[in-house]
Amino acid sequence: MINRLVAAGVLLALTGCELQSQTTSSADAQVQTEKQTLAVTYPVTTKKEVVDTYFGTEVVDPYRWLEDDRSEETAQWVKAQNEVTFNYLENIPYRDKLEKRLAELMDYEKVSAPFVEGDYTYFYKNDGLQNQAVIYRQKGDGPVEVFLDPNTFSEDGTTSLAGLSFSKDGSLAAYQISEGGSDWRKVIIIDTKTKKQLEAPLVDVKFSGLAWRGNTGFYYSSYDKPKGSELSAKTDQHKLYFHKLGTKQSADEVVFGASAEQKSRYVFGDVTDDANYLLISAADSTSGNRLYLKDLSKADSKLITVLSNTDTDTELLTNDGSKLYFVTNRNAPNKKVVTVDANNSAPKNWKDLIAETEHVLNVSEGAGYLFARYMVDAISKVEQYDMQGKLVREIALPGAGSATGFGGKKEQEVLYYSFTNYKMPTTIFSLNAKTGESKVHRKSNAKFDSSEYVSKQVFYTSKDGTKVPMMLTHKKGIELNGKNPTILYGYGGFNVSLTPRFSAAMAAWLEQGGVYAVPNLRGGGEYGKKWHVAGTKMQKQNVFDDFIAAAEHLISEKYTSSQYLAVRGGSNGGLLVGAVLTQRPDLFKVALPAVGVLDMLRYHTFTAGAGWAYDYGTANDNKDMFNYLHGYSPVHNVKKGIEYPATLITTGDHDDRVVPAHSFKFAAQLQENQAGTNPTLIRIETNAGHGAGTPTSKIIDQYADIFGFTLYNMGIKKL
């Protein structure tokens with residue numbers, strides 16, 4: 001299947017901590033809400049007036065200089081901010097206790113579902129507190145051996161495995177590594193039998209899958225290295241290359257994207273299992289793609305255009321000879337599966353195999369079957385079909401939650417899938433594809449008794465009357481007194497769906513009486529294309545209204561109150577937190593925007609940010625779009641004389657997806673304008689990027705700080 005990039009960012013998972021609220025007498029409540037005693041003196045941030053004019057409106061940008069990630073002045077500002085932030089965090093009385101508890105909660109063996117490559121079965125495993133998961137393998141009933149250990153890539157764990165792809169026969173593998181969390185990758189090619197590296201690594205690879213063409217080589221994607229900073233300079237023309245094994249990277253052929261006619265921001269290649277066809281996806285944004293086909297079995301075959309516009313999303317699922325299987329939302333907003341002959345691949349020849357339903361569809365292929373994974377109000381339902389589109393059975397799942405997997409080789413008899421929800425640690429099941437029988441393959445070793453908790457879905461009404469689902473998870477029998485510490489987590493964009501999943505942080509929050517709330521906001525993919533579009537461009541306010549309404553629902557139902565409510569989100573979710581922070585500062589006690597898109601007038605000028613315009617629009621589009629973006633852009637809507645919530649902004653100095661300048665400028669604005677005594681801090685992780693591949697040691701440190709800051713500013717004095 002074609003590798004599609006959600007360039008808006010990764011969802012940041014919570015990891016765990018322990019908390020305990022005060023008693024509920026009026027005297028104790030008074031103590032809880034008193035002002036915190038940790039004093040903060042912010043570094044002075046120089047203002048340098050820069051003025052931009054948009055459609056006759058002048059916009060002052062006094063902190064533009066913080067966009068220069070290579071300047072010594074910016075480096076000194078980062079150092080000064082971190083000194084203030086870490087001094088504050090280290091003086092929270094129970095910060096060390098939180099760190100210890102986090103380590104305890106994360107210290108259990110985590111194992112992935114197995115997958116078959118060649119003669120071996122592979123799986124990922126983290127023994128507990130390893131910085132990176134290790135890839136193991138086993139041949140038949142033979143001994144288990146280490147295949148690849150990313151913990152050896154760097155001493156501090158900041159170099160991570162960012163992708164692994166095997167040739168069809170499993171004899172060769174290529175893997176990507178990320179250094180310091182950067183999206184720029186190296187690719188290393190090895191012989192799987194000997195585990196020896198075969199040639200010099202490929203370098204400067206970005207936003208790429210690795211698609212093997214037999215054992216001759218593979219397709220990969222990248223941009224030309226930009227002029228200026230590689231962490232923030234704009235990258236706009238993605239190219240697909242073919243690397244022939246045994247040759248230098250400088251000799252790699254540009255297969256697509258070299259010409260102006262083929263200019264695209266995101267280009268991906270996929271090869272059918274029989275290596276007869278190359279499918280090329282070309283996109284200008286994170287939604288919609290053109291599709292091209294090349295017959296690799298014929299010398300000098302021409303590239304055929306299958307889809308010439310980016311109105312819809314279509315990707316390869318599998319093939320049977322010249323019969324291609326596509327997953328598409330063309331004339332099907334909730335997606336469907338179609339088939340077509342490669343020799344007559346135009347959309348007019350597509351035939352429905354699995355028709356669109358009222359529920360959003362994702363599809364896996366394995367053991368000679370198709371597995372349709374539907375979202376029913378963000379909860380998984382799985383149906384098994386044969387390759388002719390006939391329903392075989394519905395797969396019985398262990399409850400309401402998220403089921404992922406079901407993929408594998410055509411010749412496999414047993415497939416694997418994972419199941420989890422907000423109170424159930426991830427369990428891996430084996431599935432006999434012929435009989436439909438599921439068995440537990442591996443239970444989680446997390447020390448958590450799910451029987452003591454409840455996870456339920458509620459529907460609340462947003463500002464315009466739209467019904468929005470939200471999952472609430474908490475200990476059975478909690479008192480609805482408005483004093484339960486609550487984390488409200490959201491994303492709301494880029495067709496990304498938030499489905500139930502377990503985390504150690506949630507477990508700790510729950511075991512001490514906390515509430516974890518996750519609404520499925522518009523802009524996400526839970527209800528298909530219409531739900532996504534309803535949270536884009538000049539409808540983006542719907543997302544913020546949905547989140548605000550979720551907070552108001554939690555308060556009105558007395559799960560919590562503004563004093564005990566924290567809002568959190570990362571990347572596009574960081575924008576969400578920044579927007580509601582500036583629009584309703586009275587509603588939340590703590591705000592935690594992570595790696596956020598916070599300057600909506602300039603986001604598209606950095607790295608591949610222009611590709612996010614499908615969701616956001618840009619300030620250069622037209623006057624109405626500029627006014628709309630200017631009206632909610634967090635950096636531009638911080639006002640003097642307002643008491644904002646206690647805010648801990650988090651970012652990484654090597655984030656080359658959502659550049660840290662967004663967070664730098666937002667922090668400077670808040671520190672300048674905060675009218676109350678609530679702290680406004682920014683925590684800048686060094687040698688770290690957008691989140692993926694973060695070593696366990698850094699995760700523990702980050703969340704000890706995040707949860708310590710949150711609880712302390714809720715007035716919770718004791719753990």
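# Exercises on a predicted protein chain

The model is predicted: local features need pLDDT of at least 70, side-chain atom pairs count only at pLDDT 80 or more, and totals for chains, interfaces and linings use all residues. Residues are numbered from 1 along each chain as its sequence is written, and side-chain values use heavy atoms, with hydrogens and water left out.

## Exercise 1

Count the helices and strands, then compare the radius of gyration with the globule rule.

**Solution.** 
- Step 1: there are 11 helices and 39 strands, taken as DSSP runs (helices H or I, at least four residues; strands E, at least two) numbered from the N terminus.
- Step 2: the C-alpha atoms fill a box of roughly 75 × 60 × 50 Å along the principal axes.

## Exercise 2

Find the residues with the most contacts inside the largest nonpolar core, and the element that gives this core its largest share.

**Solution.** 
- Step 1: a nonpolar core is a set of buried Ala, Val, Leu, Ile, Met, Phe, Trp, Tyr and Cys residues joined through side-chain atoms within 4.5 Å.
- Step 2: the largest one has 117 residues, and Met 470, Leu 488, Tyr 616 and Phe 709 have the most contacts inside it.
- Step 3: helix 11 (residues 696-713) supplies the largest share, nine residues.
- Step 4: a second, separate core of 14 residues includes Tyr 369, Leu 415, Phe 419 and Met 424.
- Step 5: beyond its neighbours within four places in sequence, Met 470 has contacts (heavy atoms within 4.5 Å) with residues including Val 458, Leu 488, Pro 519 and Leu 554.

## Exercise 3

Asn 331 and Ala 367 each have a positive phi. Is each residue buried or exposed?

**Solution.** 
- Step 1: most residues other than glycine have a negative phi.
- Step 2: Asn 331 has a phi of about 55° and lies in the loop between strand 21 (323-328) and strand 22 (336-341).
- Step 3: at 64% relative accessibility, Asn 331 counts as exposed.
- Step 4: Ala 367 has a phi of about 60° and is found in the loop between strand 24 (360-366) and strand 25 (369-376).
- Step 5: Ala 367 is buried, at 12% relative accessible area.

How values were computed:
The radius of gyration is taken over C-alpha atoms; the globule rule is 2.2 Å times the number of residues to the power 0.38. Buried means under 20% relative accessible area, exposed over 50%, partly exposed in between (1.4 Å probe, protein chains only).
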